[in-house]
Amino acid sequence: NNLKGLILYDVAPIILRQAEALHAKGFPVVSVIRRSPNLSSAYTQDDAFIRDVICRLVKEGRRRILLIDHSDPVRAALLQKAVADACRETGIQEHELTLVNEVEPLERFAVLLKQTTFDAVIFYPFKRAVYDMLAESVDLNQECRIVIQSESNHRELNFCGLVIMKHL
């Protein structure tokens, strides 16, 4: 009863629906990260962002791409769609891209980094321990482009490239 409005930040779909019902009754609600056609929303269009990043990396000649996949099923599904779209647009084969879920044990990432020299890594979301392992194995200023989702911008990192796109 004391609230004058509500700002949602990456909420579960059930909470988003409840907030839409509040908004329909005249209560001010804004959604950040999760898009809602019924609310004012600020969000990253995840599938377009990932598709554009993959296309840009392929145009740069980067084909050994590691994608750290989000554990959230909604965002993971958007990433799968983005990968398929990017493959259609660029001619790269899906098997050339390595997708690993963020919740995988660090040992899995360590094995991957020993087996393959990636020339690009898309952190979606950012996983600091994997970044540190990558930095130990490859020159991030010359050999490997790092892309992180814009909500995860960590200022202490050394980047050779950062792509940010917002649809507000």
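Tutor: The protein has five helices and seven strands, where helices (H or I, at least four residues) and strands (E, at least two) are DSSP runs numbered from the N terminus. This is a predicted model, in which local features need pLDDT of at least 70, side-chain atom pairs count only at pLDDT 80 or more, and totals for chains, interfaces and linings use all residues. Residues are numbered from 1 along each chain as its sequence is written, and side-chain values use heavy atoms, with hydrogens and water left out.

Four of the strands form the open sheet, in the order β5-β4-β6-β7, with parallel pairing; two strands pair if DSSP finds at least two bridges between them. At the edges lie β5 (97-101) and β7 (145-148), each of which pairs on one side only. From one strand to the next, the twist averages 15°, with axes fitted to C-alpha atoms, for helices over the stretch in contact, and angles running from 0 to 180 degrees between N-to-C directions.

Strands β4 (residues 65-69) and β6 (residues 120-123) pair in the parallel sense over four bridges. The bridge partner of I65 in β6 is A120. Helix α2 (residues 46-59) packs on the sheet and touches β4, β5, β6 and β7, its direction making about 170° with that of β6; contact means heavy atoms within 4.5 Å.

As to confidence, the mean pLDDT (the predictor's confidence in each residue, from 0 to 100) of the protein is 83, and 87% of its residues reach 70 or more. Over residues 159-168 the pLDDT is below 50. Where pLDDT is low, the predicted coordinates should not be read in detail.
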